[in-house]
Amino acid sequence: MKAILEFNLPEEEEQFNVASKGMDWALIVWELDQTLRNKLKYGAPTHHVHLLEELRDTLNNLVEDKGLQYPS
């Protein structure tokens with residue numbers, strides 16, 4: 001199966017950039033998740049743990065709600 005996306009440039013340049021940079025966005029979100037995970041696992045100050053857990057949960061809920069998954 002093949003999928004082809006077509007854009008009328010320059011009118012649809014913003015939509016083209018969004019589509020062509022999707023993996024970059026996915027990697028940034030994954031990296032943020034891993035940063036939060038590492039902070040929690042390896043020594044976030046006790047008073048920050050709840051906030052970091054909440055942020056990580058929110059991030060992962062947003063990803064899941066959009067039907068997305070992290071790149072493997």
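**Entry 1: Thr58 and Thr46**

I began with Thr58, which lies in helix α3; helices here are DSSP runs of H or I of at least four residues, and strands are runs of E of at least two, numbered from the N terminus. I worked on a predicted model, in which local features need pLDDT of at least 70, side-chain atom pairs count only at pLDDT 80 or more, and totals for chains, interfaces and linings use all residues. Residues are numbered from 1 along each chain as its sequence is written, and side-chain values use heavy atoms, with hydrogens and water left out.

I found Thr58 partly exposed, at 41% relative accessibility (buried is under 20% relative accessible area, exposed over 50%, partly exposed in between, with a 1.4 Å probe and protein chains only). The side chain of Thr58 reaches the backbone oxygen of Glu54 at 2.9 Å. Thr46 is also found in helix α3, but Thr46 is exposed, with a relative accessible area of 73%. I also looked up Thr46 against Glu13: the two are 33 residues apart in sequence and 46 Å apart in space, C-alpha to C-alpha.

**Entry 2: helix α2**

I next checked the length of α2. Its 20 residues should span 28 Å at 1.5 Å a residue, and the end C-alpha atoms are 29 Å apart, which agrees; the expected span is 1.5 Å times one less than the number of residues. Just after α2, Gly43 takes a positive phi of about 110°.

Within helix α2 I looked up Asp33. Asp33 counts as buried, at 3% relative accessibility. The side chain of Asp33 makes a polar contact with the side chain of Arg56 at 2.7 Å (a pair of N or O atoms within 3.5 Å; within protein, one must be able to donate a hydrogen and the other to accept it, and residues adjacent in sequence count only if both atoms are side-chain atoms).

**Entry 3: the largest pocket**

I recorded a volume of about 220 Å³ for the largest pocket. A pocket is an open set of points on a 1 Å grid over the protein atoms alone, where a 1.4 Å probe fits, with protein on both sides within 12 Å along at least five of seven lines; lining residues have an atom within 4 Å of a point. The volume is the space filled by probe spheres set on the points.

The lining includes Trp25, Val29, Leu62 and Tyr70. The elements that give two or more residues to the lining are α2 (22–41) and α3 (46–65), and α2 gives the most, with four residues. By class I noted eight nonpolar, two polar and no charged residues.

I noted that the peptide bond from Leu9 to Pro10 is cis, with omega near 5°. Pro10 is found in the segment before α1 (13–20).

I counted one aromatic pair, taking ring centres within 6.5 Å, with planes under 30 degrees apart as stacked, over 60 as edge-to-face and the rest as tilted. The rings of Phe7 and Phe16 have their centres 5.6 Å apart and their planes at 75°, so the pair is edge-to-face. Phe7 is partly exposed, with a relative accessible area of 26%, and Phe16 is partly exposed at 33%.

Note on methods
Nonpolar A, V, L, I, M, F, W, Y, C, P; charged D, E, K, R; others polar. Phe/Tyr/Trp six-rings, centres within 6.5 Å; stacked < 30°, edge-to-face > 60°.
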